[in-house]
Amino acid sequence: MGGGGSKTLMFGTTKITGDKLFQEGVIIQEPGQVDLGRSPELQFRISSSELGLFTIQAKYLGTIVKELGFSHEELITLLQDSEASPEYQALAKRLDYSRKGSKLVMARSFALDVTKLLPYLYERFGKQDLADSAEELVKEKQLSRLRAMSDASKKTRMSDSDPTIDQHVKELEALEKATSATYKKKKPLRSSTSSSAIPSTRVSPTGNQLRSNSLKVRPPDQCCPTVSCHPFTSATSNIRVGSVLMFVRFTG
């Protein structure tokens with residue numbers, strides 16, 4: 001870009017013909033209309049006397065075709081905001097903006113492409129240093145639009161929800177919780193003692209209980225009279241404790 005002179009401005013006025021703006025991609029020539037947008041007789045006067053504020057005047061053969069005044073933030077709003085927002089609708093009406101093609105309609109035969117107009121203004125009035133602030137504003141607009149879309153989606157899901165189905169779901173969830181709680185109460189507790197820690201009971205030849213010790217394999221000469229075992233073999237022995245017959249496996 002850079003048509004209309006290579007001098008970068010802070011404030012002031014620059015002039016450029018329609019054919020050069022068309023080459024820059026700023027002008028959209030409407031099909032089937034008079035080829036006015038590419039005419040060298042179409043003159044544009046672009047001015048800025050305040051940071052971020054611009055005026056564009058289009059003349060053809062000395063007659064004013066249209067004049068627009070706007071801020072660069074308003075153009076970003078037109079590009080980024082939801083079409084349903086009041087701010088967008090007011091701006092679109094005032095500036096005769098069409099989201100389809102992102103264009104500011106200047107006449108029946110031609111329009112300005114906002115996606116190309118903004119970079120042109122930022123370059124032409126480069127000393128205003130608007131590009132960085134424009135980038136931040138675009139991010140803010142995009143985030144705001146995403147939040148609005150998310151909120152609208154949530155509201156839609158809530159409004160489309162069947163109250164009867166929601167009630168059934170809640171009842172099923174409550175029933176599931178109650179069933180789970182009842183099962184936990186009735187479920188017997190598992191013994192925390194492992195099989196290797198089951199106590200053995202030494203008994204007298206008459207079957208009376210003497211004392212309980214931790215289960216372990218002893219040499220044959222130290223085993224109790226009613227238990228046959230061997231440190232290097234496996235054997236199953238019956239031990240009677242009172243009236244209970246216990247089956248104990250010793251593993252060597």
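Reader: My notes say that rings of Phe, Tyr and Trp (its six-membered ring) pair if their centres lie within 6.5 Å, with planes under 30 degrees apart called stacked, over 60 edge-to-face and the rest tilted. How many aromatic pairs does the structure hold?

Author: It holds 4 aromatic pairs. Before the details: this is a predicted model, in which local features need pLDDT of at least 70 and side-chain atom pairs count only at pLDDT 80 or more, while totals for chains, interfaces and linings use all residues. Residues are numbered from 1 along each chain as its sequence is written, and side-chain values use heavy atoms, with hydrogens and water left out.

Reader: Fine. Which residues do ring pairs link into a cluster?

Author: F54, F70 and F125 are linked that way.

Reader: What kind of pair do F54 and F70 form?

Author: A tilted one, with 6.4 Å from centre to centre and 40 degrees between the planes. F54 sits in strand β4 (residues 53–60) and F70 in strand β5 (residues 63–71), 16 residues apart, so the pair links distant parts of the chain. Strands here are DSSP runs of E, at least two residues long, and helices are runs of H or I, at least four, both numbered from the N terminus.

Reader: Is F54 buried or exposed?

Author: F54 counts as buried because its relative accessibility is 2%. F70 is buried too, at 3%. Buried means under 20% relative accessible area, exposed means over 50%, and partly exposed is in between (1.4 Å probe, protein chains only).

Reader: And why is the pair of Y88 and Y97 edge-to-face?

Author: The ring centres of Y88 and Y97 are 6.3 Å apart and the planes stand at 85 degrees, so that pair is edge-to-face. Both Y88 and Y97 are buried.

Reader: New topic. What does S71 touch?

Author: Not counting residues up to four places away in sequence, S71 touches G52 and L53. Contact means heavy atoms within 4.5 Å. S71 lies in strand β5 and counts as buried at 11% relative accessibility.

Reader: Where is M106 found?

Author: In the loop between β7 (103–105) and β8 (110–113). M106 counts as buried, at 4% relative accessibility.

Reader: What is M106 in contact with?

Author: Leaving aside neighbours within four places in sequence, M106 is in contact with F44, A58, V65, K66, L68, A111 and L112. As for D96, M106 is 10 residues from it in sequence and 8.1 Å from it in space, C-alpha to C-alpha.

Reader: How many salt bridges are there?

Author: The count is 5, where a salt bridge is a side-chain nitrogen of Lys or Arg within 4 Å of a carboxyl oxygen of Asp or Glu. One of them joins D35 and R38, 3.0 Å from N to O. D35 is partly exposed at 39% relative accessible area, and R38 is partly exposed at 40%.

Reader: What does R94 form a salt bridge with?

Author: With E74, the closest N and O atoms being 2.9 Å apart. R94 is in helix α3 (residues 86–95) and E74 in helix α2 (residues 72–80), 20 residues apart. R94 counts as partly exposed at 45% relative accessibility, and E74 is partly exposed with 22%.

Reader: Where do K141 and D81 lie?

Author: K141 lies in helix α5 (residues 131–160) and D81 in the loop between α2 and α3, so their pair ties together parts that are 60 residues apart in sequence. Their side chains meet in a salt bridge of 3.5 Å, N to O. Both K141 and D81 are buried.

Reader: Back to α2. At what angle do α2 and helix α4 pack?

Author: α2 and α4 (residues 114–124) pack at about 155 degrees, with axes 10 Å apart. Axes are lines fitted to C-alpha atoms, for helices over the stretch in contact, and angles run from 0 to 180 degrees between N-to-C directions. That makes α2 roughly antiparallel to α4: angles over 145 degrees get that name, under 35 roughly parallel, 65 to 115 roughly perpendicular and the rest oblique.

Reader: Which residues make that contact?

Author: H72, L75, I76 and L79 of α2, and V114, T115, L117, L118 and Y122 of α4.
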